[in-house]
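Q: Can we go through the salt bridges in this one, then the overall fold? Put the structure up first.

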Amino acid sequence: MATTTRNRAAETALTTAETAFTLLTCEPAPLVFDARPIPGLPDTTLPLDQLRTLVKLQRYDSSTTDELWRQLAHHAREWGPAWVVGAIGVALPALTHLAAKISRGHPRHADDVDSEVLAGFLHALRTADLDTPRLWLRLCWAAWRAGSSVITADDSQELPLDLTTGSRSPKMPYGHPDLLLGRAAATGLITADAAELISATRFGDALIEHLAATQGLTPSALRMRRRRAERIVAAAIARGDLSSPTRSCGEGEHPAAA
């Protein structure tokens, strides 16, 4: 298992999206948006990075904003992946601001918050009713709710990151977190794959997004799998079940979490 201490990665879901947006809007052939049908916007076509700057610096009424996002959402749904990246890119200043607010005071969760904010926005971009008013507000609320779900989960139900600082009670297990994960897998509380997932993403330098792609899963699904396993391990730690040599999982204990 990985043993490298993992800090917040320089590359998160939002920074990766920004990189993709930059490539999409660079010369000589930036992706352009036809703003002419939208009342209140300039009567011209605009590269998407210029459109983003415009809507970031100017205040538009809700009808203009809604029509802009109806068009962007339609393009994302009908015109292919480039427009998905483009729509996300236009929204990134707001999404980055939301993610920073949600993760303030919770640096451990910052990467997960970025991922969930982006996933929540993308889901709404693909599924939201485009005819109901306040579309932009509804897209932002979807992103906010998804990101906030990371923080509202009880931290005590996740695997602590500071178990190597020493025992504070007779029941606190001693050793590197990988040792605890190995014991949890050996007793059948979690699977070996789940132990490796926690180790690689919490204590190593692997990103959920990269692992999910290699396994054909969504980042949200893999994150839920990790959280479920972490809760089982955290409960076992609290009971003192992992402070002694391994034993097989007995009756009444949790079956192995995938």
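Q: What does Glu-209 form with Arg-223?
A: A salt bridge, with the closest N and O atoms 3.4 Å apart. The term covers a side-chain nitrogen of Lys or Arg within 4 Å of a carboxyl oxygen of Asp or Glu. The pair links distant parts of the chain, 14 residues apart: Glu-209 is in helix α9 (residues 208-215) and Arg-223 in helix α10. Helices here are DSSP runs of H or I with at least four residues, strands are runs of E with at least two, and both are numbered from the N terminus.

Q: Before I go on, what kind of model is this?
A: This is a predicted model, in which local features need pLDDT of at least 70, side-chain atom pairs count only at pLDDT 80 or more, and totals for chains, interfaces and linings use all residues. Residues are numbered from 1 along each chain as its sequence is written, and side-chain values use heavy atoms, with hydrogens and water left out.

Q: Is Arg-223 buried or exposed?
A: Arg-223 counts as buried, at 2% relative accessibility. Buried means under 20% relative accessible area, exposed means over 50%, and partly exposed is in between (1.4 Å probe, protein chains only). Glu-209 is partly exposed at 22%.

Q: And which residue does Glu-116 pair with?
A: Glu-116 forms a salt bridge with Arg-223, and their closest N and O atoms are 2.4 Å apart. Glu-116 lies in helix α5 (residues 110-127) and Arg-223 in helix α10 (residues 219-239), so this pair ties together parts 107 residues apart in sequence. Glu-116 counts as buried too, at 11% relative accessibility.

Q: Which residues are linked in the network?
A: Salt bridges link Asp-112, Glu-116, Glu-209, Arg-223 and Arg-226 in a network.

Q: How many salt bridges in the whole structure?
A: The search finds 7. One of them joins the side chains of Glu-18 and Arg-52, at 2.9 Å from N to O. Those two are 34 residues apart, Glu-18 in helix α1 (residues 13-24) and Arg-52 in helix α2 (residues 48-57). Glu-18 is partly exposed, with a relative accessible area of 26%, while Arg-52 counts as buried at 16%.

Q: Switching to the fold. How many helices and strands?
A: There are 10 helices and 2 strands. From the N terminus the order is α-β-β-α-α-α-α-α-α-α-α-α.

Q: What share of the residues is buried?
A: 44% of the 258 residues count as buried.
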